[in-house]
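Trainee: I've got a structure open and I'd like to learn how to read it. Can you walk me through some features?

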Amino acid sequence: MAGSVTSDSSAERVGYITRIQSFSACHRLHSIHLSDEENKKVYGKCNNPHGHGHNYKVEVTVRGKIDRVTGMVMNLTDLKRCIEDVIMTPLDHKNLDKDVPYFASVVSTTENVAVYIWDNMAKALLPNLLYEIKIHETDKNIVVYRGE
(Lines give C-alpha, C1' and ligand atoms only; values in the text may rest on other atoms or scores of the structure.)
Protein backbone atom coordinates (compact mmCIF):
# COMPACT_ATOMS: atom_id res chain seq x y z
CA MET A 1 0.00 0.00 0.00
CA ALA A 2 1.49 3.33 -1.05
CA GLY A 3 2.65 5.55 1.78
CA SER A 4 2.39 2.88 4.45
CA VAL A 5 5.31 2.15 6.75
CA THR A 6 6.17 -1.46 7.33
CA SER A 7 8.63 -2.81 9.83
CA ASP A 8 10.62 -5.96 9.26
CA SER A 9 11.26 -7.13 12.80
CA SER A 10 13.99 -9.47 11.56
CA ALA A 11 16.05 -6.65 10.00
CA GLU A 12 19.05 -5.54 12.01
CA ARG A 13 19.03 -1.83 12.68
CA VAL A 14 22.19 0.27 12.88
CA GLY A 15 22.38 3.32 15.10
CA TYR A 16 24.88 6.08 15.84
CA ILE A 17 25.51 7.54 19.29
CA THR A 18 27.46 10.75 19.82
CA ARG A 19 28.68 11.98 23.18
CA ILE A 20 30.15 15.47 23.52
CA GLN A 21 32.86 16.31 26.02
CA SER A 22 34.88 19.50 26.53
CA PHE A 23 38.43 19.79 27.78
CA SER A 24 40.99 22.57 28.14
CA ALA A 25 44.64 22.21 27.23
CA CYS A 26 47.59 24.22 26.03
CA HIS A 27 50.21 23.43 23.42
CA ARG A 28 52.74 24.89 21.01
CA LEU A 29 52.78 24.02 17.34
CA HIS A 30 56.42 23.17 16.73
CA SER A 31 57.95 20.40 14.65
CA ILE A 32 61.30 18.90 15.66
CA HIS A 33 61.81 18.25 11.93
CA LEU A 34 61.81 21.96 11.04
CA SER A 35 64.19 24.79 11.91
CA ASP A 36 63.02 27.54 14.25
CA GLU A 37 62.59 29.83 11.23
CA GLU A 38 60.57 27.20 9.33
CA ASN A 39 58.39 26.59 12.40
CA LYS A 40 57.65 30.32 12.68
CA LYS A 41 56.79 30.45 8.97
CA VAL A 42 54.54 27.36 9.05
CA TYR A 43 52.78 27.85 12.41
CA GLY A 44 52.90 31.65 12.86
CA LYS A 45 51.62 32.86 16.23
CA CYS A 46 50.79 29.28 17.21
CA ASN A 47 54.57 28.66 17.42
CA ASN A 48 54.85 31.05 20.38
CA PRO A 49 57.50 29.53 22.72
CA HIS A 50 55.13 30.03 25.66
CA GLY A 51 52.31 28.18 23.92
CA HIS A 52 48.61 28.94 23.85
CA GLY A 53 45.43 27.22 24.97
CA HIS A 54 42.09 26.01 23.71
CA ASN A 55 38.77 24.93 25.12
CA TYR A 56 38.30 21.90 22.88
CA LYS A 57 34.92 20.29 22.28
CA VAL A 58 35.16 16.63 21.26
CA GLU A 59 32.34 14.59 19.73
CA VAL A 60 32.84 10.83 19.96
CA THR A 61 30.51 8.87 17.68
CA VAL A 62 30.05 5.12 17.80
CA ARG A 63 28.16 3.03 15.25
CA GLY A 64 26.68 -0.39 15.70
CA LYS A 65 23.74 -2.70 15.66
CA ILE A 66 20.91 -1.79 17.99
CA ASP A 67 20.67 -4.67 20.43
CA ARG A 68 17.20 -6.25 20.34
CA VAL A 69 17.19 -6.86 24.10
CA THR A 70 18.69 -3.62 25.48
CA GLY A 71 17.66 -1.33 22.63
CA MET A 72 21.15 0.21 22.67
CA VAL A 73 24.16 0.40 20.39
CA MET A 74 26.18 0.60 23.61
CA ASN A 75 25.55 1.69 27.16
CA LEU A 76 26.14 5.45 27.45
CA THR A 77 27.60 4.91 30.93
CA ASP A 78 30.33 2.78 29.36
CA LEU A 79 30.98 5.37 26.65
CA LYS A 80 31.19 8.11 29.27
CA ARG A 81 33.75 6.05 31.24
CA CYS A 82 35.86 5.46 28.11
CA ILE A 83 35.83 9.20 27.33
CA GLU A 84 36.90 9.97 30.90
CA ASP A 85 39.79 7.49 30.69
CA VAL A 86 40.93 8.36 27.16
CA ILE A 87 40.28 12.11 26.92
CA MET A 88 39.69 13.77 30.27
CA THR A 89 42.32 12.11 32.45
CA PRO A 90 45.27 12.40 30.05
CA LEU A 91 44.37 15.68 28.28
CA ASP A 92 42.23 18.00 30.41
CA HIS A 93 44.13 20.93 31.92
CA LYS A 94 47.40 19.60 30.53
CA ASN A 95 50.23 20.92 28.40
CA LEU A 96 49.87 18.50 25.51
CA ASP A 97 53.52 18.77 24.48
CA LYS A 98 54.95 18.27 27.96
CA ASP A 99 52.38 16.12 29.78
CA VAL A 100 51.33 13.66 27.05
CA PRO A 101 54.21 11.41 25.93
CA TYR A 102 52.65 10.86 22.47
CA PHE A 103 53.21 14.53 21.62
CA ALA A 104 56.91 14.53 22.51
CA SER A 105 57.61 13.56 18.89
CA VAL A 106 54.28 14.38 17.20
CA VAL A 107 53.17 17.97 16.53
CA SER A 108 50.09 18.68 18.66
CA THR A 109 47.88 19.91 15.82
CA THR A 110 44.18 19.29 16.24
CA GLU A 111 44.45 16.68 13.48
CA ASN A 112 47.00 14.77 15.55
CA VAL A 113 44.95 15.22 18.74
CA ALA A 114 42.07 13.57 16.84
CA VAL A 115 44.34 10.69 15.80
CA TYR A 116 45.56 10.30 19.41
CA ILE A 117 41.97 10.17 20.70
CA TRP A 118 40.90 7.76 17.92
CA ASP A 119 43.76 5.35 18.58
CA ASN A 120 43.08 5.25 22.30
CA MET A 121 39.27 5.14 22.03
CA ALA A 122 39.57 2.26 19.53
CA LYS A 123 41.54 0.31 22.15
CA ALA A 124 38.97 1.05 24.87
CA LEU A 125 35.87 0.11 22.84
CA LEU A 126 34.72 -3.11 21.22
CA PRO A 127 36.22 -3.67 17.75
CA ASN A 128 34.64 -1.68 14.88
CA LEU A 129 32.40 0.32 17.21
CA LEU A 130 34.17 3.69 16.91
CA TYR A 131 32.89 5.68 13.94
CA GLU A 132 34.15 9.26 14.23
CA ILE A 133 36.10 11.76 16.33
CA LYS A 134 35.17 15.39 15.73
CA ILE A 135 37.11 18.11 17.52
CA HIS A 136 36.04 21.74 17.64
CA GLU A 137 39.28 23.63 18.31
CA THR A 138 37.43 26.93 17.95
CA ASP A 139 33.97 27.90 16.73
CA LYS A 140 35.42 28.11 13.22
CA ASN A 141 38.01 25.29 13.19
CA ILE A 142 36.75 21.70 13.28
CA VAL A 143 38.66 18.48 12.57
CA VAL A 144 36.99 15.17 11.72
CA TYR A 145 38.86 11.85 11.86
CA ARG A 146 37.44 8.42 11.01
CA GLY A 147 40.50 6.24 11.37
CA GLU A 148 41.55 6.44 7.74
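Trainee: Let's start with Phe103. Is Phe103 buried or exposed?

Mentor: Remember first that this is a predicted model. To sort a residue, look at its relative accessible area: under 20% is buried, over 50% is exposed, and in between is partly exposed. Phe103 comes out at 4%, so it counts as buried. Tyr116, at 11%, is buried as well.

Trainee: What do Phe103 and Tyr116 have to do with each other, and how are their rings arranged?

Mentor: Here's the general idea: a pair of aromatic rings is described by the distance of the centres and the angle of the planes. For Phe103 and Tyr116 the centres are 5.6 Å apart and the planes are at 45°, so we call the pair tilted. The pair links distant parts of the chain, with Phe103 in the loop between α3 (96-99) and α4, and Tyr116 in helix α4, 13 residues apart. Ring pairs also bring in Tyr102, making a cluster of Tyr102, Phe103 and Tyr116.

Trainee: How many aromatic pairs does the structure hold?

Mentor: Six. One of them is Tyr16 with Tyr131, an edge-to-face pair with 5.1 Å from centre to centre and 80° between the planes. Tyr16 sits in strand β1 (residues 14-27) and Tyr131 in strand β4, so this pair ties together parts that are 115 residues apart in sequence. As for accessibility, Tyr16 is partly exposed at 47%, and Tyr131 is partly exposed at 28%.

Trainee: You mentioned β1. Which way do β1 and β2 pair, parallel or antiparallel?

Mentor: Antiparallel, over 14 bridges. To picture a strand, keep in mind that in a regular one the side chains alternate between the two faces of the sheet. Here, you can find Tyr16 again, standing opposite Arg63 in β2. β1 also has β3 as a partner: these two run parallel and are joined by two bridges. On that side, Cys26 stands opposite Asn95 in β3.

Trainee: A cysteine! How many disulfides are there?

Mentor: To spot one, check how far apart the cysteine sulfur atoms are; the cut-off is 2.5 Å. A search of the whole structure finds zero disulfides. For Cys26, the nearest cysteine sulfur belongs to Cys46 and is 13 Å away. Cys26 counts as partly exposed, at 27%, while Cys82 is buried, at 3%.

Trainee: Where does Cys46 lie?

Mentor: In the loop between α1 (36-43) and β2 (52-65). Its relative accessible area is 24%, so Cys46 is partly exposed. If you set aside neighbours within four places in sequence, Cys46 is in contact with Arg28, Leu29 and His52.

Trainee: Which residues does the UniProt record mark as "active site"?

Mentor: With a record, always check what kind of entry you're reading. This unreviewed UniProt entry places the feature "active site" at Cys46, His93 and Glu137. His93 belongs to the loop between α2 (76-91) and β3 (94-95), and at 63% relative accessibility it counts as exposed.

Trainee: What is the phi of His93?

Mentor: His93 has a phi near 55°, which is positive in a residue other than glycine. Asn128 is another non-glycine case, with a positive phi of about 65°. You'll find Asn128 in the loop between α4 (110-124) and β4 (130-136). Asn128 is exposed, at 78% relative accessibility.

Trainee: Last one: how many residues are in the largest nonpolar core?

Mentor: Think of such a core as buried nonpolar residues joined through their side chains. The largest one here has 33 residues, and those with the most contacts inside it are Ile87, Ile117, Met121 and Ile133. The elements giving two or more residues to this core are β1, β2, α2, α4, β4 and β5 (142-145).

Trainee: And what does Ile117 touch?

Mentor: Not counting residues up to four places away in sequence, Ile117 touches Val58, Val86, Ile87, Leu91, Ile133 and Ile135.

Note on methods. Residues numbered from 1 in each chain as written. Predicted model: local features only at pLDDT ≥ 70, side-chain atom pairs only at ≥ 80, totals over all residues. Heavy atoms only, no water. Helix = DSSP H or I, 4+ residues; strand = E, 2+ residues; numbered from the N terminus. Buried < 20%, exposed > 50% of the residue type's maximum accessible area, 1.4 Å probe, protein only. Phe/Tyr/Trp six-rings, centres within 6.5 Å; stacked < 30°, edge-to-face > 60°. UniProt positions renumbered as here; feature names shortened; annotations may be inferred. Contact = heavy atoms within 4.5 Å. Core = buried A, V, L, I, M, F, W, Y, C linked by side-chain atoms within 4.5 Å. Pairing = 2+ DSSP bridges.
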